[in-house]
Amino acid sequence: VTTQTTTAPPTIGVFDSGFGGLTVLRALIERLPRARFAFLGDTARLPYGSKSRRTIARYAAQSAQFLVREQGAEFLVIACNTASALALDAIQDAVTVPVLGVIEPGAAAARQASRTGDVLVIATEATVHSHAYAAACRAHGLRVLEKACPLLVPLVEEGWTDHPLTAEVIRIYLGELRAEAAAQNLHPDTLVLGCTHYPLLRPLIERSVRPGVKVIDSAESAAEAAAQLFNGRATPGCPILSESAAAGADRVGGTSSPAPQTEIHCFATDSVEKFEQMGSRFLERPVGAVELVDLGG
Ligand code: DGL
């Protein structure tokens with residue numbers, strides 16, 4: 001008889017200003033099904049996208065500390081473009097665990113996708129004004145044009161992800177962006193969705209871009225980067241989290257017990273009912289019981 005020792009899976013903290021980051025969590029679960037996830041949506045203070053750097057940094061640092069100190073997160077994924085663009089430094093200063101934002105993975109994916117070297121980015125007001133995407137894309141040798149699309153987050157929050165009005169708003173924003181690109185003599189072939197709410201609008205956005213333009217979802221790119229980081233760190237004390245749960249059970253216990261569900265704990269700073277309802281749409285599965293937390297002012 002051999003004695004089996006099982007190692008508890010590490011907790012990955014995932015943070016967003018609201019539920020949009022659940023698109024990142026969904027992509028993370030697909031790639032790291034054996035991790036335990038703690039997700040915090042700072043819904044009481046949403047939207048971050050229209051606030052100042054100082055305020056966003058304060059909110060984001062408090063949220064990160066909650067995930068690390070109270071939930072034991074050993075790694076943080078900032079599943080919010082606005083917080084990644086304006087507060088990555090503040091978050092890194094506030095906690096001692098590794099922190100991954102969504103901007104750099106999004107820019108790296110745009111580099112991979114683009115043939116012309118010209119890319120477009122749509123995001124919140126704050127993300128665009130920070131020019132974090134522009135800087136990250138330029139560092140990859142790309143030319144970039146960014147546009148704030150402030151109406152899109154409220155339309156998604158309203159649940160109008162397939163509404164004719166939303167389709168029209170997208171058509172107008174992307175038309176303006178194309179005209180601006182033409183005026184600057186750019187030939188964009190890639191569009192980065194620089195906001196975690198936008199993947200829910202992907203079908204409408206894809207209908208509005210020119211044929212051949214690739215749409216990059218920073219949620220997918222960030223999850224891919226996180227999975228690579230984790231698998232690179234895999235040791236006996238830090239299991240290979242990408243293994244399917246069933247394969248993991250076989251390897252550890254030598255039995256073919258049914259695959260356990262990935263462990264997910266969701267926290268919100270405002271109405272847990274709305275989070276449970278909206279969150280399931282973003283996550284494409286029930287989010288389970290959501291716990292209310294108070295992070296102060
Ligand atoms: N999560 C934000 C982002 O990805 C969008 C919502 C907000 O403005 O807070 O930029």
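A residue counts as buried under 20% relative accessible area, as exposed over 50%, and as partly exposed in between. In this predicted model, His-131 has a relative accessible area of 44%, so it is partly exposed. His-131 sits in the loop between H5 and helix H6 (132-139).

The relative accessibility of Asn-185 is 53%, so Asn-185 counts as exposed.

A further backbone feature involves a proline. Leu-46 and Pro-47 are joined by a cis peptide bond, with omega at about 0°. Pro-47 lies in the loop between strand S2 (36-41) and helix H2 (53-70).

Pro-47 also takes part in a pocket. Empty space can be found by rolling a probe the size of a water molecule over the atoms. The second largest pocket holds about 270 Å³ of space. Its lining is made up of 24 residues, and the closest to the pocket centre are Pro-47, Gly-49, Ser-50, Thr-124 and Val-153. Three helices each supply at least two lining residues: helix H3 (81-94), helix H5 (125-130) and helix H7 (152-157). H7 gives the largest share, with three residues. Which classes of residue make up the lining of the second largest pocket? Eleven of the lining residues are nonpolar, ten are polar and three are charged.

The buried interior was examined next. Nonpolar side chains tend to be buried together in soluble globular proteins. In this model, the largest nonpolar core has 57 residues. Leu-22 and Ile-205 have the most contacts inside this core. Which residues does Ile-205 contact, leaving aside its neighbours within four places in sequence? The partners are Ile-122, Ile-170, Leu-174, Leu-191, Leu-193 and Tyr-198.

Technical notes. Residues numbered from 1 in each chain as written. Predicted model: local features only at pLDDT ≥ 70, side-chain atom pairs only at ≥ 80, totals over all residues. Heavy atoms only, no water. 1 Å grid on protein atoms, 1.4 Å probe; cavity = no way out; pocket = protein on both sides within 12 Å on 5 of 7 lines; lining within 4 Å. Points joined across faces, edges and corners; volume = space filled by probe spheres on them. Helix = DSSP H or I, 4+ residues; strand = E, 2+ residues; numbered from the N terminus. Nonpolar A, V, L, I, M, F, W, Y, C, P; charged D, E, K, R; others polar. Core = buried A, V, L, I, M, F, W, Y, C linked by side-chain atoms within 4.5 Å. Buried < 20%, exposed > 50% of the residue type's maximum accessible area, 1.4 Å probe, protein only. Contact = heavy atoms within 4.5 Å.
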